Amino acid sequence: GFQLVLSVINQRASSVMRRAAEAGYGIIARMPLHFGLLAGKFDVTSRFDHTDHRSFRLTPNVLERALDDLEPYFERAASLEVPPANLALAFVMSHREVSTVIPGIRTPDQARMNTEGPFELPDDDVLALQELYRERLAGLLDLIEERFGEGGYELLAEELGRAIVQNIVMLGFFTAATGLVTREQMSDAVT
């Protein structure tokens, strides 16, 4: 198996996941809460320390746009009577191709919430969140990624060091060795 980013905000890996599953590969879904945006704990006044990678990803204008674009997501969580983080995890786990999910955990309360709240998301809710991605969130993802043009990659490289390089090399090997996905599809899935 291998790791791919998958969340309500980033569904780019969907086609790669289907093809990998058909070939018998397991998927480890990472970033299901997308930097905490899907947990519902930020507002337009939220700010991050300069050493926190979110400081260059979730700038005030990105955060404001994200909260606006995610309003239907938060409304859906409320209508289902579940915390937004649990909806995010349920969405990721609704993909049969996903073998396991790696949510970010900073506190014991987050660990408890991530393990106590899983539920099966009805198909109509999965479809609605996929539609939300196509209509509003794909553009938000592009805006978040634009931040890398302003020094973000240098900070990320310093923060992650060789680990990110090793993952990218392994994904390149997977792409070349299996032929399950094109180079372009893999690039879209990991960025």
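Predicted model: local features only at pLDDT ≥ 70, side-chain atom pairs only at ≥ 80, totals over all residues.
Residues are counted as buried when their relative accessible area is under 20%.

A search of the whole structure identified 2 aromatic pairs. In one of them, the ring centres of Phe 42 and Phe 48 are separated by 5.2 Å and the ring planes are set at 90°, so the arrangement is classed as edge-to-face. Phe 42 and Phe 48 are both buried. Another pair is formed by Tyr 73 and Phe 74, whose ring centres lie 5.2 Å apart; the planes of Tyr 73 and Phe 74 are at 70°, and this pair is therefore also edge-to-face. For Tyr 73, the relative accessible area is 0%, and the residue is accordingly buried. Phe 74 has a relative accessibility of 17% and therefore counts as buried, since the limit for this class is 20%.

The strands were examined next. An open sheet is built from 3 strands in the order S1-S2-S3, and the pairing is parallel. Strand S2 comprises residues 27–30 and is joined to S3 in the parallel sense through 4 bridges. Within this part of the sheet, Ile 27 is positioned opposite Val 98 of S3. Helix H1, formed by residues 14–22, lies across S1, S2 and S3. Relative to S1, helix H1 runs at about 160°.

A contact between two helices was also characterised. Helix H3 (residues 60–69) and helix H7 (residues 123–146) have axes that come within 10 Å and cross at roughly 170°. H3 is therefore roughly antiparallel to H7, because angles over 145 degrees are assigned to that class. On the H3 side, the contact is made by Val 62, Arg 65, Ala 66, Asp 68 and Asp 69. The residues contributed by H7 are Leu 132, Arg 136, Leu 137, Gly 139, Leu 140, Leu 143 and Ile 144. When grouped by class, the residues in the contact of H3 with H7 comprise 7 nonpolar, 1 polar and 4 charged.

Technical notes. Residues numbered from 1 in each chain as written. Heavy atoms only, no water. Axes fitted to C-alpha atoms, helices over the stretch in contact; angles between N-to-C directions. Parallel < 35°, antiparallel > 145°, perpendicular 65-115°, else oblique. Contact = heavy atoms within 4.5 Å. Nonpolar A, V, L, I, M, F, W, Y, C, P; charged D, E, K, R; others polar. Pairing = 2+ DSSP bridges. Phe/Tyr/Trp six-rings, centres within 6.5 Å; stacked < 30°, edge-to-face > 60°. Buried < 20%, exposed > 50% of the residue type's maximum accessible area, 1.4 Å probe, protein only.
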